[in-house]
Amino acid sequence: MSYGGVLTYLGLDLVAIFLMTYVLYFRRHWRADLLLSYVALNIGIFVSMSLLTHVKVDIAVGFGLFAILSIIRLRSSAVTQQEVAYYFIALVLGLVNGMGVPNRGLVVGMNAILLLTMLAFDSRLLRDRARRMDVRLDGVYTDEAALTAELERKLGGRVAYLEITEVDLIHNHMLIDVRLRPGQGVVEPPLPKAPRLPVDGAAPPVPAPATAAGPAGPNDATS
């Protein structure tokens, strides 16, 4: 693959990663901090693949190169499963565009398939049909029907699946993994705030009403 071919595939890769990161991801999920991660991963994979196709290296060097890339760790507490999928597509786009396949039409078609897949399966139509959330609920419910009714009342939707992941009998609450079909929400009024008392629990003293002090008269003197 000539240098002109590398620039051509680089331009194709930049267009594809822009469509994926900004048009498909950012305009739907509004998380700007991951844009740099997606672009950096994609460009890094593209450069690595382009280098391997231009320079004849030993297979051990190739494995070592991708072993360096495997240092990246995706922590589940920082990214969601949807964002992991975007990481994977960014990686595959870099591989597809950096391999230097002579059939450019095939490469363009592969890019289009990947982007259209994310467009379809990360659409709002599918995301609004079901939602997953971890709910911490006050009280411990032993009846699943009563628990389902309470979750639907508080969350405003139909519970399709639930699983109790934690029960705390000391603090009287439970943690539940809920799969919900959104509906019309139920707005509950906020609880009234309790008055703040001193540490010993006694009510604060009420100050005596102030009286105006006048000049002392002769009848005010005490014997």
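A: Two residues are in contact when they have heavy atoms within 4.5 Å of each other. By that rule, 65% of the contacts between residues at least 6 apart in sequence join residues at least 24 apart. The model is predicted. The protein chain has 223 residues, and 27% of them count as buried. It holds seven helices and three strands, in the order α-α-α-α-α-α-β-α-β-β from the N terminus.

The buried residues of α4 are E83, Y86, Y87, I89, A90, V92, L93, G94, V96, N97 and G98. Their cover includes α1, α2 and α5. In any α-helix, residues three or four places apart point the same way, because there are 3.6 residues a turn. After α4 comes G100, with a positive phi near 70 degrees.

E83 belongs to helix α4, and it counts as buried because its relative accessibility is 7%, under the 20% limit. Leaving out residues up to four places away in sequence, E83 touches Y25, R31, L34, Y38 and A78. One of these, L34, is 49 residues from E83 in sequence, yet their C-alpha atoms are 8.5 Å apart. L34 is itself buried, and so is Y38; both are in α2.

Next is Y86, also buried in α4. With residues up to four places away in sequence again left out, Y86 touches M20, L24, Y25, R28, H29, Y38, M118 and D122. The largest nonpolar core has 25 residues, and Y86 is among those with the most contacts inside it, together with M20, Y38 and L93. At least two residues of this core come from each of α1 (3–29), α2 (33–54), α4 and α5. Another core, of ten residues, lies apart from this one and includes L151, L162, I176 and L180.

From α4, the contact takes A85, Y86, I89, V92, L93, V96 and N97; from α5, it takes V107, M110, N111, L114, L115 and M118. Sorted by class, these are eleven nonpolar residues, two polar ones and no charged ones.

α5 also packs against α1, at an angle of about 10 degrees and with the axes 11 Å apart. α1 is therefore roughly parallel to α5, since the angle is under 35 degrees. On the α1 side the contact uses G5, T8, Y9, L12, A16, L19, M20, L24 and R28. On the α5 side it uses R104, V107, V108, N111, L115, M118 and L119. This contact has eleven nonpolar, three polar and two charged residues. M20, L24 and R28 of α1 are also among the residues that Y86 touches.

α2 is another part of the cover over α4. It has 22 residues and reaches 33 Å from its first C-alpha to its last, close to the 32 Å expected at 1.5 Å a residue. Its buried residues are L34, Y38, L41, N42, I45, F46, S48, M49 and S50. Y38 is touched by E83 and by Y86.

Two loop residues complete the account. Most residues other than glycine have a negative phi. W30 is not a glycine, yet its phi is positive, about 55 degrees. It is in the loop between α1 and α2, and at 60% relative accessibility W30 counts as exposed. N172 is not a glycine either, and it has a positive phi of about 60 degrees. N172 sits in the loop between β2 (157–168) and β3 (173–182). With 43% relative accessibility, N172 counts as partly exposed.

Methods:
Residues numbered from 1 in each chain as written. Predicted model: local features only at pLDDT ≥ 70, side-chain atom pairs only at ≥ 80, totals over all residues. Heavy atoms only, no water. Helix = DSSP H or I, 4+ residues; strand = E, 2+ residues; numbered from the N terminus. Nonpolar A, V, L, I, M, F, W, Y, C, P; charged D, E, K, R; others polar. Core = buried A, V, L, I, M, F, W, Y, C linked by side-chain atoms within 4.5 Å. Buried < 20%, exposed > 50% of the residue type's maximum accessible area, 1.4 Å probe, protein only. Expected span 1.5 Å × (residues − 1). Axes fitted to C-alpha atoms, helices over the stretch in contact; angles between N-to-C directions. Parallel < 35°, antiparallel > 145°, perpendicular 65-115°, else oblique.
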